[in-house]
Amino acid sequence: MKNKELATPAIQVLERTFSLLDVLASHQDPVSLKQISESTGLHPSTAHRILNDLTIGRFVDRPEAGSYRLGMRLLELGNLVKARLDVRDAALGPMRELHKFTHQPVNLSVRQGDEIVYIERTYSERSGMQVVRAVGGRAPLHLTSVGKLFLASDEPLRVRAYATRTGLAGHTKNSITEIGALEREMALVRQRGLARDDEELELGVRCMAAGIYDDQAKLVAGLSISAPADRLEEGWSSRLKETAAQISAALGHRG
């Protein structure tokens, strides 16, 4: 009985939502509200109400009145999860080798909205640096080396929109907080194919990052080395780029 309780959602509407999505997933063609109601045991009005909310969120499509199918938002989220899993699997081995070379933390991050999310990290106590942001941690794009890679790949209007949304809030005295300075930084990133964080997120910590690309030449992640400010070696940049290119190749990129 206990195991059954653990497997059952605590919120009833979520349990009903899961059952509705399962019914839609079991059919290739759009499903009528009547059939959905019969399959789930939900009253038609209850099913209709939940399906309507799912349609607003694009988790469900309504091709015509009274019929439903799974929506494109699920495909988008599925592709996002797939990309992250593929990147992590491809990156872990090369990340470990890069860590052995630098003896400093090596991070794998992806973009989510106006932030980056750390999805993998290799480090050891020998680095002499306390790891503040664990896997799952987030940070603003303009304050991080990987975030700058993503901003540099955006159109200028999108970068300005980001600056307007976020206000380019700073964390340290070195943070870039003006759009003009950010645009100049983006130009340097595109020129070098490498991005840097010079104590802009945390005082005493510097980073450098190179991009990871998929088979469509799309920037999907960033690989970065973090180190105490006085230990980050510029000579690591070529090895960092080589490692990022190795991971990109494993994802099908032909650069």
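User: Which residues make the nonpolar surface patch of about 340 Å²?
Analyst: This is a predicted model. The patch is made by Ile-11, Val-13, Leu-14 and Phe-18.

User: Where is Val-13 found?
Analyst: Val-13 belongs to helix H2. With a relative accessible area of 43%, Val-13 is partly exposed.

User: Next, H3. Which of its residues are buried?
Analyst: Helix H3 covers residues 33-40, and its buried residues are Leu-33, Ile-36 and Ser-37. They fall within an arc of 100° when seen down the axis of H3, so they line one face of the helix.

User: Why would residues three or four places apart point the same way?
Analyst: Because an α-helix has 3.6 residues a turn.

User: And what is exposed on the other side of H3?
Analyst: Lys-34 and Glu-38 are exposed there.

User: What covers the buried residues of H3?
Analyst: The cover includes two helices, H2 (12-25) and H4 (44-56). It also includes strands S1 (31-32) and S3 (67-70).

User: What follows H3?
Analyst: Gly-41 does, with a positive phi near 80°.

User: Changing topic: strands. How many residues of S5 are buried?
Analyst: Strand S5 (residues 115-122) is mostly covered, with 7 of its 8 residues buried.

User: In which sense do S4 and S5 pair, and over how many bridges?
Analyst: S4 (residues 106-112) pairs with S5 in the antiparallel sense, over 7 bridges. One of the bridge pairs puts Val-106 with Thr-122 in S5. The hairpin has 2 residues between the strands, and Gly-113 takes a positive phi near 65° in it.

User: How many bridges join S5 to S6?
Analyst: There are 3 bridges between S5 and S6 (residues 138-140), and these strands run antiparallel. Ile-116 stands opposite Ala-139 in S6.

User: Last one, Ile-247. Buried or exposed?
Analyst: Ile-247 is in helix H9 (residues 236-250). Its relative accessibility is 0%, so Ile-247 counts as buried; the cut-off for buried is under 20% relative accessible area.

User: Which residues is Ile-247 in contact with, leaving aside its neighbours within four places in sequence?
Analyst: Ala-90, Ala-91, Pro-94, Ile-212 and Leu-223.

User: How many residues apart in sequence are Ile-247 and Ala-90?
Analyst: They are 157 residues apart in sequence, while their C-alpha atoms are 5.8 Å apart in space.

Note on methods. Residues numbered from 1 in each chain as written. Predicted model: local features only at pLDDT ≥ 70, side-chain atom pairs only at ≥ 80, totals over all residues. Heavy atoms only, no water. Buried < 20%, exposed > 50% of the residue type's maximum accessible area, 1.4 Å probe, protein only. Helix = DSSP H or I, 4+ residues; strand = E, 2+ residues; numbered from the N terminus. Arc of directions from axis to C-beta. Contact = heavy atoms within 4.5 Å. Pairing = 2+ DSSP bridges. Patch = residues over 30% accessible without salt bridge, like charges linked within 9 Å, V, L, I, M, F, W, Y side chains within 5 Å. Areas by Shrake-Rupley, 256 points an atom, 1.4 Å probe, with all protein chains shown as cover. Salt bridge = Lys/Arg side-chain N within 4 Å of Asp/Glu carboxyl O.
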